[in-house]
Amino acid sequence: MNASKPEPARGLTPESAALVETYFARVHGALLLAAADECEETVEDLRAHVYEELSTTPGTSADVTRVLAELGAPEALAAQCAESVDVPPAARERESEGSPLSGRVLGIPYELRLPTAGRVASRWWDPMDPHVIVPRVFGLGWAVNLGAVAVRLGLIKPDDEDVPFASVPTRWLAVSAVLPVLVAVVLGALVVRYQGTLPAQVAVHWGITGAPDRFDSKEAALILPVVMTLLSLVVVGMAWLRRRPPLSRVASGALAMFLCTVSVAAYGQQVATAYGAGSTEVLFSVMGAGGVLMFVVFVILARIGRAAEMRRDLEKTSKRGSVR
Amino acid sequence: MGNDTDSRLSQFRKGVVELAILALLHRGEAYGGEIVERLAGHPGLAISAGTVYPLLSRLKKSGLIDSLWRESPVGPPRKYYRLSVAGDIEFTAMAKAWEGVTDAMDELLGEGALR
């Protein structure tokens, strides 16, 4: 990365160059703290711009201070930048042509950059992008853009919310975090109620016909659902503790709820099979319900956000109207 | 080669679409669907909803346009977009620059360039 640095010292005194470098080192540090590594490119551009500006001046320390003052405090700049990438225009995000870590093999998109909360969220909910099937956040293949589905079903308009879920009151945002907890409680209740009554060996995999084709001890079979549930709750907790933008919080909540539902579905099917059910109805109906519920959470919150924006604007105009 | 041509075309269209949106809003405010529809009426621009909405969001973020929910004469309220003061200034500057570009390109392309 250092190799691509713009020529720093040309026409600048060492003190001036050091001032610029110190400034950008502080921006860099603040970005690391904000976990906004995606800003690096913008910041590099900015730095090149600063040197360009300085090349038209004598390049004294006073010039440097003046140019840097226009950018504001390094921490504020980093915060502003971090905010802008957290809710990225997904289209631009998806273009990311330069990196070899994302692209296509045999026409199938792949993404090997580590997912960030913002990127995950904008794949699942990006009403402005009309594509329903979008490249996956991590790995190979595609994901579903539920935002585009909602637009196609006529439930929302692409531009209903300026920034997804930004106007939704916190108490409603919290609903998206409470739901996965509730589903986890359901799983807990099922385990308490049925774990003792299960036989030592339970089904963990089912064939197309609905007949179980793989078995495991009931203790081992419990590990996956429980771990998946706990992990997804941790992700939601992190999104709230780290004060991620509303879109990230809602998406982590909705996804966690879906994963918790899958756990309930898997455990429920184990129980059903042990009690003599011949089909995988429980597994698929509960999983399907989880998927639908996830979509409903997104849509309802988007409409609450739209209503809040609408109320704000309509009140403003009616007030103005009454003054006239 | 066809692919290269496509990507080059989409490169220069990107900037133009921004100016097209500003020009449209310069004539008066409009809501999202209306903007999409009216721009789609110019097939040469090759604009779809997928390009318009992200651009509207970006123009709003950079303060060139404002949006406001207002009662619509028919149906539910709509989000209307209009140029901000900064957007008006930017549009005038861009339109002037565009004139310069088209004059130059007319000259360059006009002298039987396609022959």
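Predicted model: local features only at pLDDT ≥ 70, side-chain atom pairs only at ≥ 80, totals over all residues.

Residues are numbered from 1 along each chain as its sequence is written, and chains are lettered from A and ligands numbered from 1 in the order in which they are written.

Where domain 2 of chain A meets domain 3 of chain A, the contact takes nine residues from domain 2 and twelve residues from domain 3, two residues being in contact if their C-beta atoms, placed from the backbone, lie within 7 Å. On the domain 2 side, helix H6 (117-124) and helix H7 (146-152) of chain A are the elements that give two or more residues; helices (H or I, at least four residues) and strands (E, at least two) are DSSP runs, numbered from the N terminus. H6(A) gives the most to this side, with six residues. By class, the side of domain 2 that touches domain 3 has seven nonpolar, two polar and no charged residues, where Ala, Val, Leu, Ile, Met, Phe, Trp, Tyr, Cys and Pro count as nonpolar, Asp, Glu, Lys and Arg as charged, and the others, Gly among them, as polar.

The contact between the two chains draws 14 residues from chain A and 15 residues from chain B. On the side of chain A that touches chain B, helix H11 (residues 281-323) of chain A gives the most, with five residues, and the residues of this side divide into seven nonpolar, one polar and six charged.

Within chain A, helix H8 (residues 170-194) and helix H10 (residues 246-274) pack at an angle of about 15°, with their axes 8 Å apart; axes are lines fitted to C-alpha atoms, for helices over the stretch in contact, and angles run from 0 to 180 degrees between N-to-C directions. H8(A) is therefore roughly parallel to H10(A), a term for angles under 35 degrees, while those over 145 count as roughly antiparallel, 65 to 115 as roughly perpendicular and the rest as oblique. The contact of H8(A) with H10(A) comprises 20 nonpolar, five polar and one charged residues.

Ala203(A) stands opposite Phe215(A) in S7(A), and Gln201(A) stands opposite Ser217(A). Five residues lie between the strands of this hairpin, where Gly210(A) takes a positive phi near 100°.

Turning to chain B, an open sheet of three strands has the order S1-S3-S2, with antiparallel pairing. Strand S1 (30-31) and strand S2 (65-70) of chain B stand at the edges, each with a single partner strand, so one side of each is left without a neighbour in the sheet. Two bridges join S1(B) to strand S3 (residues 78-83) of chain B, and Ala30(B) has Tyr81(B) as its bridge partner in S3(B).

Conventions:
Pairing = 2+ DSSP bridges.
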